[in-house]
Amino acid sequence: MSTNQTLQGDELALAPSGLGPKKPSSALTLTAGLLGFALVCLDASIVNVALPAIGSSLGGGMSGLQWVVDAYTLAFAALMLSTGAFSDRVGASRAYAIGAAVFTLASAACGLAPNLPALIGARVVQGVAAAVVLPASLALVRQAYADPARRARAVAVWAAGGSAAVALGPVAGGVLTTAWDWRGIFFVNLPVGALILVLLLRAPRSQRRPAPLDLPGQVTAVVALTALTFAVIEGGTAGWVALVVAVVAVVAFLRVEARHPHPVVPLSLFRDRTVAVTVAAGAAVSVAFYSMVFVFSLFFQQVQGRSALQAGLMFLPMTGLIAVTNVVAGKLAGRHGARLPMLVGQGLAVAGLLAMLYVDADTPATLVALLLVPMALGCALTVPPLTAAMMDAVPAERAGLAAGVLNAARQMAGALGIAVFGALISDGFVAGMRLSLGISAALLAVTGLLSFRLAGPSASRA
């Protein structure tokens, strides 16, 4: 695509100098994409440490705090199935600008929320915008680099930014909540969002491409996931009604996907053993990692009486090593195939989770922080190879769709894990925490056994 074609209809005239339109900058485009991806990843984890402060300020109990996290994650996960197609239809640059602007405004609404329902509603809007930002930011980065080698490096930088943001989230949440207020974790998004919109002025303008949408599939997926989460969090009679709605929606979703010419989740993907195993493993990793961050953020503050800053710093040993481990995992997968690092990673995570079964209110916080490290490293060691294995298992033309399915499954699993484990700890924190650890370990043990069925090193290299 030529520069003139890329910028048609969107030139930024440098009047009155007569120098013509500014040329798109690949480096600034990468920076814009990286910031957006990092921002939406950060907001998935930064809120956890601030939950006790939010509860003290706005009330709502455990179920309200669960919805503060899951309102974002549910919208993010469910709509990610279709936002890639939306990005293609309106153009990646336009979709990204829309998503970044809405995310920034929603962040302001979160920071200004006068009550818990207003905060949860604003978190839903944040999640919707995040679902647009993620695929559009990647598409924007990819189109900014024509050379395949430079493009691969740029995408690697983009991905590393997201990993670093997830790792930084708990620490940043503790620092901002202590130094400012819980509202600071949302207001900090405003200057970053504004910077993204400024940088987009130098990004290449994307062409629109026809992309089919599966609205019935998308709607039934949202209903099913939301109803199931509501049933787990709220319980009671309303919970049973929601569970029935979730079952009906799941059946409707499966029927729609089986018949739609362009389904958001092609069921045929799961006939491939590698796809099925990697999606299951990715979901189990998300349950363990995101749910444990949620549970132990509350444990440090509500059970051990630590401050938000202290709680955030307790996550520093585990989060500080995640980005490095991701890189090591990618190299191991390239050398030995996906199966070995996946097995080692899931085994390490299981061992770490089981070791934490002995944690109680009197366990030194420093020891708890160190015990979280094996679980986090195991999860970080597992994700890059399982992602690579899934991408290798599908045709190139379905790679984007497969990536969307994998990421959506991981986000959905994390949301449901928080819903289930939040309900467990509300009936007795330490007992519920231990049960949550056991469930997470069991899930990873099962997916670890399934990972033995993946292709070995020689087949992976071939």
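User: Which hand has the crossing of helices H5 and H6, left or right?
Analyst: This is a predicted model, in which local features need pLDDT of at least 70, side-chain atom pairs count only at pLDDT 80 or more, and totals for chains, interfaces and linings use all residues. Residues are numbered from 1 along each chain as its sequence is written, and side-chain values use heavy atoms, with hydrogens and water left out. A crossing is left-handed if the near helix is turned anticlockwise from the far one by less than a right angle, and right-handed if clockwise. By that rule, the crossing of H5 and H6 is left-handed.

User: How are H5 and H6 directed relative to each other, roughly parallel or roughly antiparallel?
Analyst: Helices (H or I, at least four residues) and strands (E, at least two) are DSSP runs, numbered from the N terminus; H5 covers residues 92–111 and H6 residues 116–144. Axes are lines fitted to C-alpha atoms, for helices over the stretch in contact, with angles from 0 to 180 degrees between N-to-C directions, and these two axes come within 7 Å and cross at roughly 150 degrees. Angles under 35 degrees count as roughly parallel, over 145 as roughly antiparallel, 65 to 115 as roughly perpendicular and the rest as oblique. H5 and H6 are therefore roughly antiparallel.

User: How many charged residues does the contact of H5 with H6 have?
Analyst: Ala, Val, Leu, Ile, Met, Phe, Trp, Tyr, Cys and Pro count as nonpolar, Asp, Glu, Lys and Arg as charged, and the others, Gly among them, as polar. The contact of H5 with H6 has 19 nonpolar residues and six polar ones, and the number of charged residues is one.

User: How many charged residues are in the contact of H2 with H7?
Analyst: The axes of H2 (residues 26–45) and H7 (residues 148–179) come within 8 Å and cross at roughly 30 degrees, which makes H2 roughly parallel to H7. Contact means heavy atoms within 4.5 Å; the residues involved include Leu 30, Gly 33 and Phe 37 of H2 and Trp 158, Gly 161 and Gly 162 of H7. By class there are 14 nonpolar and five polar residues, and the charged count is none.

User: What kind of aromatic pair do Tyr 72 and Phe 76 form?
Analyst: Rings of Phe, Tyr and Trp (its six-membered ring) pair if their centres lie within 6.5 Å; planes under 30 degrees apart count as stacked, over 60 as edge-to-face and the rest as tilted. Tyr 72 and Phe 76 lie four residues apart in helix H4 (residues 61–90). Their ring centres are 5.7 Å apart and their planes stand at 70 degrees, so the pair is edge-to-face.

User: How far apart in sequence are the parts tied together by the pair of Phe 299 and Phe 429?
Analyst: This pair is tilted, at 6.2 Å centre to centre and 40 degrees between the planes. Phe 299 lies in helix H12 (residues 273–303) and Phe 429 in helix H19 (residues 429–451), so the pair ties together parts whose separation in sequence is 130 residues.

User: Is Leu 201 buried, partly exposed or exposed?
Analyst: Buried means under 20% relative accessible area, exposed over 50%, and partly exposed in between (1.4 Å probe, protein chains only). Leu 201 sits in the loop between helix H9 (189–199) and helix H10 (215–234). Its relative accessible area is 45%, so Leu 201 is partly exposed.

User: Which residues does Gly 282 touch, not counting those up to four places away in sequence?
Analyst: Gly 282 belongs to helix H12 and counts as buried, at 0% relative accessibility. With residues up to four places away in sequence left out, it touches Leu 386 and Arg 410.
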